[in-house]
Structures are given as C-alpha cells and as structure tokens.
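These are my notebook entries on a single structure. I record below what I looked up, entry by entry.

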Amino acid sequence: MPTIDWDAVDHACWWVPPGALSLATVPAFEAQPLAVRRRVSHLEYLHLVETGLVLEAFFVERLAWLAGRTANPQARSAYLREIREESGHSLMFVELLRRSEGEVARPRAGVRFVRALARRLAPDSALFWAMTMIGEELPARLTCTVEAGPEEVTMSRVVVSMARVHGADEAGHAAFARERCAEAAARLPAWRRTAQSAVLAAWLAAFERYLFYPQPDLYARAGLAPGAHWRACALANPARRALAARLIAPSVAFLRGIGWALGGPRQK
Ligand SMILES: [Fe+2]
Ligand SMILES: [Fe+2]
C-alpha cells in the first residue's frame, strides 16, 4: 500500500479537478478568482471525506454485528477484512481533516434520520445490501474523478494518494456488496422487492442530492455568497447532473438486473 506523505498537504493546488466540481462550466463560477475555485475544490473533497466518515462508521458497526453472528469462517474473514480497511480509510480521512484545519462535521439532521432508519433494517437483508452497495459505489466513483484529473491540472499529491488507497479497497467492497445484495434479493419474494423498491428509490434520490450537491455553507465558506444561490446553480448545472447520472447509472443497472423496480438514471 502506498504511504501518504502527510507533510505534503498543500492548498496551492486542486483537490478535485476543476472539471469535476459541482459548479464546473457555470460561467459565473468559472469567472471567479483561481483561489476561490480552488477553495471550492478543497471543500468539495472534504465533503466527500466527511460523507465517507459517516458511511464507514455505519458499515463498520453493521459488519461487526454480522461478523459476531456468522458461523462461516470465510464470511467472518470477509467482514473483518472490510472492517480493517474501512477503519484505515476513516483514520486517513480524519488525518486530512486535522491537517487541513477542517472539522469533523456533526452529521446533519437528515443524515442522522436516514442512519436511524437504516439501523432498523435487518443487517443481512436485501434492502440493507442494496443501500450499502449504493453507499459504497457512488462515493468511490466520485473519488475516481480525483485520481483521473487531467495532466495539465496540478492536483494535490496527498489527495491523489488517498484516492488510490481508497479506490483499491473499494472495488473489493463494492463487489462484496453486490454479491450479498444479489443473494439476498433472490431470497426476497417478488412482491416484497417491489414494495421495497420505492424505499430504495427514495434513498438513492436523497443520497444523490446529498453527495453531489453540497449544502450552501460550503460555498459561503469558499467565499461565494450567498451560498444558497450557488447551491441552486449547482442543482441546475447540466454538467453536474450529467456527471451524477453517469456515476449512478451502473449501480441502477445492476439493481434493476436483480429485480429492483428502479427507474433509469433520473433526469431532473
Ligand atoms: Fe472506505
Ligand atoms: Fe468501502
């Protein structure tokens, strides 16, 4: 595993490539000073990191529950390996937040509500694994845009290294979640899968909005005021909507293929 040179955390570079920002291609944003646009890229990466921390804490909790109850040694190893990897990611995220003077945000009320709901799901149920798969795959694909920044853009070495470490592990997590999701969905009576599809679709829409369209205070902290105006620009940004649809499409196609009644990628 590559080591990360934490002393190289650098704000005079991009943390998310400019073309993958929520406001990319919005003329009023592209006309902003370089320092402001870069600050947005730092904060959008930290938003991804904070989202990762919330999700990973939840996954670790559920995986520990599953590891403690399975009688299958291979399954236990798989759960424990994933716990170790997610814990490593979270330590890495906390270190970046510490070095970048970012604070670990207390999850918003909406996130806390969704997490409380998710805790009520049976940890090995089809709906649990479908939600887990989405929670693993969408942030991982967004992180891949960091790794794939164009050569002419000066990306942070630290952030690119983090994306590599994370990407290598997440491919395995997504494959595991897909496998468990397909097995659990096959056990579920069709009528229940249809009934639960509405819940899954609502969760996917809420998570898409949370992940791809940061809250107004992010823009305000970057020097773009009022933040609500800039968030509205992001929500209306065709380039952002196209990126979100492209990154969500493979997950939706998989879930539809195993019987979930989800629409195609949404067009807002
Ligand atoms: Fe992770
Ligand atoms: Fe993961």
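**Entry 1: Trp 260**

I began with Trp 260, which touches Ala 126, Leu 127, Ala 130, Cys 181, Ala 185, Leu 188, Arg 193, Gln 196, Ser 197, Leu 200 and Leu 255, leaving out residues up to four places away in sequence. Contact here means heavy atoms within 4.5 Å. Trp 260 is placed in the segment after H10; helices (H or I, at least four residues) and strands (E, at least two) are DSSP runs, numbered from the N terminus. I looked up its accessibility: Trp 260 counts as buried because its relative accessibility is 2%. Buried means under 20% relative accessible area, exposed over 50%, and partly exposed in between (1.4 Å probe, protein chains only).

**Entry 2: Basis and confidence**

I noted that this is a predicted model, in which local features need pLDDT of at least 70 and side-chain atom pairs count only at pLDDT 80 or more, while totals for chains, interfaces and linings use all residues. Residues are numbered from 1 along each chain as its sequence is written, chains are lettered from A and ligands numbered from 1 in the order in which they are written, and side-chain values use heavy atoms, with hydrogens and water left out.

pLDDT is the predictor's confidence in each residue, from 0 to 100. I found a mean pLDDT of 90 for the protein, with 94% of its residues at 70 or more. Confidence is lowest in helix H4 (residues 109–119), at a mean of 73, and highest in helix H1 (residues 27–30), at 98.

**Entry 3: The nonpolar core**

Of its 86 residues, Tyr 45, Leu 96, Met 162 and Trp 260 touch the most other members. The helices that each supply at least two residues include H2 (34–69), H3 (73–99), H5 (126–147) and H6 (157–187). H2 gives the largest share of this core, 14 residues.

I then checked H5. At 1.5 Å times one less than the number of residues, the 22 residues of H5 should span 32 Å, and its end C-alpha atoms are 32 Å apart, which agrees. H5 is mostly covered, with 20 of its 22 residues buried.

**Entry 4: The two iron ions**

Which residues hold the iron ion (ligand 1)? Its protein donors are Glu 56 (OE), Glu 86 (OE), His 89 (ND1), His 166 (NE2) and Glu 170 (OE), lying 2.0 to 2.6 Å from it. Donors are N, O and S atoms within 2.8 Å of the metal (3.2 Å for Na, K and Ca); water is not among the atoms, so sites may look incomplete. Along the chain these donors follow the spacing E-x29-E-x2-H-x76-H-x3-E. Glu 56 lies in helix H2 and His 166 in helix H6, so the pair ties together parts that are 110 residues apart in sequence. Glu 56 and His 166 are buried.

The iron ion (ligand 2) is coordinated at 2.0 to 2.5 Å by Glu 86 (OE), Glu 136 (OE), Glu 170 (OE), Glu 170 (OE) and His 173 (ND1). I recorded the spacing of its donors as E-x49-E-x33-E-x2-H. Glu 86 bridges the two iron ions, ligand 2 and ligand 1, which lie 3.5 Å apart. Glu 86 is in helix H3 and Glu 170 in helix H6, so this pair ties together parts that are 84 residues apart in sequence. Both Glu 86 and Glu 170 are buried.

**Entry 5: Ser 100**

I located Ser 100 in the loop between H3 and H4. At 8% relative accessibility, Ser 100 counts as buried. Its side chain reaches the backbone oxygen of Leu 96 at 2.7 Å. Beyond its neighbours within four places in sequence, Ser 100 is in contact with His 11, Trp 15 and Leu 46.

**Entry 6: Backbone geometry**

I noted a cis peptide bond joining Ala 225 and Pro 226, with omega about -10°. Pro 226 is in the loop between H8 and H9. Thr 25, in the segment before H1, has a phi near 80°, a positive value in a residue other than glycine. Most residues other than glycine have a negative phi, and most peptide bonds are trans.

Definitions and conventions. Core = buried A, V, L, I, M, F, W, Y, C linked by side-chain atoms within 4.5 Å. Polar contact = N/O pair within 3.5 Å; in protein donor to acceptor, adjacent residues only side chain to side chain.
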